[in-house]
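Please look over the sequence and the model shown here before reading the report on selected parts of it.

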Amino acid sequence: MNKKEHPLSTAESFLLENPATMRCFLYRLAKLGHPLLLRTEVLDVFARVCDEESSLCGSPLMTLIHWCQEAALDGAWVYFALRERVAHWHFLRIHRDSLDYQITDPGEFLRFKERLVSGRPDDLWTLELDLAPFSREFAKLHETHSIGRGVEFLNRRLSSKLFEGLGEGSNRLLRFLQVHRYSNQQLMLNEVIEDVAELRVALRHARNLLRKQPQKRPWGEMTSNLRSLGFEPGWGADAKRARDTMELLLDILEAPEPANLEAFLSRIPMIFSMAILSPHGFFGQSGVLGRPDTGGQVVYILDQVRALEREMRQRLSEQGLEIDPKIVVITRLIPEAEGTTCDQRIEPIAGCQSAFILRVPFRNQAGDVIPQWISRFHIWPYLERFAADAERDLLAELGGGPDLIVGNYSDGNLVASLMSQRLGITQCNIAHALEKTKYLYSDLYWQQNEDHYHFSCQFTADLVAMNTADFIITSTYQEIAGTEEVVGQYESYTTFSMPGLYRVIQGTDVYDPKYNIVSPGADPEVYFPYSESERRLGYLAPELQQLIFEDGPPEECRGFFKDPDKPILFTLARLDTIKNITGLVDWYGHSDKLREQVNLLVVAGHINPEHSADEEEQAQIRRMHELMDYHGLDGEVRWLGRHLDKTAAGELYRFVADHRGAFVQPALFEAFGLTVIEAMSSGLPTFATCFGGPLEIIEHEISGFHIDPNHRDAATQVMSDFFARCAAEPEYWERISAAALERVESHYTWKRYAERMMTLSRIYGFWKYVTDLDRTETRHYLQMFYALQFRPLAQRLDP
């Protein structure tokens, strides 16, 4: 777009030509009566003005308003934050009386919001964090559709530069292939080969030798000849695999192509052990789901570990190495374990050969073990000591450092950052859900929320972790970059302010090639189609029948189905505000049509609030009882306040499918939506929130349905229309069910996930070695930020 034709330029002329219309618009924004305005509020006011002033339609001002994400105003000025496209922001202010039109910078916009919130003049010495200067020399993506495909971009941009001629880049590759060892065993290349020219010659000789061998001849039978040429184990289990690997390297040295580079690096034996960090909650294999802070992340990690171990074993075997890979999940040891295994230091992971949970206790400043569960919002004072203790125990268990460390959620990612920097290993982050976008204005009003949520620590930890990670895994594109209308979770850390603490001019860049989308799946041994009768767990049928349709202990259930023949609308989640289970019950209570069509089955939380240690869950339990009473739902809603293990949950999805029911996930926001995948994997038609991952998982009206949790009547209408159509066309249920199964199988499996994860870890490890992806300057800056900002914030929380 020509600069003179850009809406930011042409809008000023339009404003001067239509001053009355503009003053009307600004006046109506002010009449809303509050200084901070959401995108929807600005658009609603603008739409009403457009109805009266046709000149606005198609104007450059309309373009700007449709870019608007938020506005802020006082008696004189109105500020607009304009998002032209993903992470491309403009900041504009207009004087309400003179219509003075000024393009400003993010710092000024943040200072204005700070004044509105605090009611005080600018603090001239507020810390400003700006990481942009540290990444000016790094190649970045430019197109929004490339976001989340960082490794593809890296391979394209760096491979041709690296392998030009026989220069330093190619020698780095040679040294990279010579550093690989396992215990005392040298792998890939030995010191016989001294430069790239010799490597080319040796590769040609080895290729010719291997061509003369039977394809299946084991590497061990050819060791002496290949070792004399400079080659050690790791190229392949047999002659054919080894020759293919060497030919890939010859092709790369001749004319590097990204696909060949990725294929070659994916074969290099680099990952023999890994550590996975997940400190908060009750991390265990049974009896924990549904407890506070304990849900999808636990399921995700356990399934992830099983898939990764299988993939690690397969790759090592294909490369001819008899090595037993190890995966250690590091979490918190909780002495008051409430009947779970969370007080056991070591727990082998079922379905694995050499993966286990290593539990390390939290300790206070005096060194005393913290015995009870602590909310994820209150654990910040303990993480630094936890990281040091976990590192010591991990090194002892593995006999050395791991080859990859993976953080989970804000706390796990921070601990992974601390450990990876000390150990010098590749770090991967998985956020699962960044809290910043869940709670409206959680940054601006952090002080009002500090006693309960401690966002000051969490957002600071997020900034440190996402900028120290070598690569970041997300489940969806939206998690990084949002949509045209909604800011992504990671994008929300680009520019924000925490008044009185610091302001962030640039905290992250979603065009950074560290971001990669790798979607998980559901455990295929647990979540499989309802139609696979030979795999069904028939022994659970009587238990599920009783659980759903018969009387049970009042401390575990409430409500019954007076008409048990109706289809079941089923939901399963933690009982917290964001999961919006009470919202769903309220929708159902208000919808006479839906109540007539289906029964509602809710598996969430506890029945008695005294059985929960979490204040938010206690409030939601009381709200559930209020709604059941208010709407008179005891004959139509069955509420189970108990924790189901994975096996029972998997069969419950299929049980509901047997009754031609459906699953609903009504969250206000869902980062990914593992229960959505589980339900669809079972062949259960699914309704899920349109905010977050489910928007990408489900193809609306094809493999499921999107619902807007902010529009009760519209959401219940979507569900009611489905059941009405199923009653008229029974094959419609089958069609949606089949499409859900096909969607999951083609896009969301743990096998695909594990393959990609192992390849990414090798590629980022390689580029970190041969280039400055280590980002030394950024790391030192963040160490200072951690020491001067995070540590004091966390230490003052230690009781």
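Predicted model: local features only at pLDDT ≥ 70, side-chain atom pairs only at ≥ 80, totals over all residues.

Residues are numbered from 1 along each chain as its sequence is written, and side-chain values use heavy atoms, with hydrogens and water left out.

Helices (H or I, at least four residues) and strands (E, at least two) are DSSP runs, numbered from the N terminus. Strand β21, residues 599-603, is mostly covered, with 5 of its 5 residues buried; buried means under 20% relative accessible area, exposed over 50%, and partly exposed in between, for a 1.4 Å probe and protein chains only. On one side of β21 lie N599, L601 and V603, on the other L600 and V602, and all of these are buried.

| Strand paired with β21 | Bridges | A bridged pair |
|---|---|---|
| β20 (residues 568-572) | 5 bridges | T571 and V602 |
| β22 (residues 637-640) | 4 bridges | V603 and L640 |

Together with helix α21 (residues 615-631), strands β21 and β22 make a right-handed β-α-β unit; right-handed means that, with the strands pointing away from the viewer, the path from the first strand over the helix to the second runs clockwise.

**Cysteines**

The structure holds 0 disulfides, a disulfide being a pair of cysteine sulfur atoms within 2.5 Å. For C24, the nearest cysteine sulfur is that of C50, 10 Å away, and C24 is partly exposed at a relative accessible area of 23%. The sulfur of C50 lies 4.7 Å from the closest cysteine sulfur, that of C57, which is too far for a bond, and C50 counts as buried at 10% relative accessibility.

**Helices α25 and α26**

Helix α25 (residues 712-728) and helix α26 (residues 730-747) pack at an angle of about 120 degrees, with their axes 4 Å apart. The contact (heavy atoms within 4.5 Å) involves residues including F722 and R725 of α25 and Y732 and W733 of α26.

**Loop residue Q344**

Q344 sits in the loop between β10 (326-333) and β11 (346-348), and is partly exposed, with a relative accessible area of 36%. Leaving aside residues up to four places away in sequence, Q344 touches L333 and R359.

Conventions: Pairing = 2+ DSSP bridges. Axes fitted to C-alpha atoms, helices over the stretch in contact; angles between N-to-C directions.
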